[in-house]
Amino acid sequence: MAAMPRKRIVPSVYLETTIPSYLVARLSAHGELATKQAITRAWWENHRHRYELVTSETVLEEANVGDASQSRLRLGSLEGVRILGPSEEVEFIGGELVRKGWLPTGAMLDAYHIAYASVYLIDFLLTWNCTHLANEATRRPIERWLRKLDKYIPVICTPTDLMEQSDGY
């Protein structure tokens, strides 16, 4: 039986790096990117208060890379968000997701995002990374493996998915 999440008054959301990135980035003129930025901002303004927001030291490291002014904005958007620390279990799960080939070696940080959400019993992993995270073909074997290990399985979703779900509250 998979580990049960701790009882919370509100569901928890792990903010993966694409969320603060799209939230504070200069508005794009490109259709799909501009749409994702608008959806991220709408979720942030209208829905985030419905959740306990968490992130990890991995996200802080990723958010600190690149243009200094954008890094400050990304990190600033995460102020007040609970930061999850590393653990041996996070290291193990993240490493195994790559070792088993479900995520490529270059996506090790993405593996850690899944590991943090599982180890800390976070309800949702919020991301725009549809290549390695919010991707059904990738998720299925990872979920099966986590279930075999009796680990918690977070829902990996985009802001669009989470807004549709939270509209039912």
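Me: How many bridges join strand 1 to strand 2, and do they run parallel or antiparallel?
Reply: Strand 1 (residues 12–15) and strand 2 run parallel, with 3 bridges joining them. Strands pair here if DSSP finds at least two bridges between them, and the strands themselves are DSSP runs (E, at least two residues), numbered from the N terminus, as are helices (H or I, at least four). This is a predicted model, where local features need pLDDT of at least 70, side-chain atom pairs count only at pLDDT 80 or more, and totals for chains, interfaces and linings use all residues. Residues are numbered from 1 along each chain as its sequence is written, and side-chain values use heavy atoms, leaving out hydrogens and water.

Me: Which residue in strand 2 is the bridge partner of Val13?
Reply: Leu53 is the partner of Val13.

Me: And what about strand 2 and strand 3?
Reply: Those two also pair in the parallel sense, over 3 bridges, with strand 3 covering residues 82–84. Val54 has Arg82 as its bridge partner there.

Me: Why is strand 2 described as largely enclosed?
Reply: Because 4 of its 5 residues are buried. Buried means under 20% relative accessible area, exposed means over 50%, and partly exposed is in between (1.4 Å probe, protein chains only).

Me: Switching to the largest nonpolar core, which members touch the most others?
Reply: Val13, Tyr14, Leu15, Trp43 and Ile114 do, out of 45 residues. Such a core is a set of buried Ala, Val, Leu, Ile, Met, Phe, Trp, Tyr and Cys residues joined through side-chain atoms within 4.5 Å.

Me: Which helix gives the most to this core?
Reply: Helix 6 (residues 108–119), with 7 residues.

Me: Now the rings: how many aromatic pairs are there in the whole structure?
Reply: A search finds 8. Rings of Phe, Tyr and Trp (its six-membered ring) pair if their centres lie within 6.5 Å; planes under 30 degrees apart are stacked, over 60 edge-to-face, and the rest tilted.

Me: What kind of pair do Tyr51 and Phe124 make?
Reply: Their centres are 6.1 Å apart and their planes at 85°, so the pair is edge-to-face. Tyr51 sits in the loop between helix 2 (31–46) and strand 2 (52–56), while Phe124 is in strand 4 (residues 124–126), 73 residues apart.

Me: Are those two buried or exposed?
Reply: Both Tyr51 and Phe124 are buried.

Me: And which cluster do they belong to?
Reply: Ring pairs link Trp43, Trp44, Tyr51 and Phe124 into a cluster.
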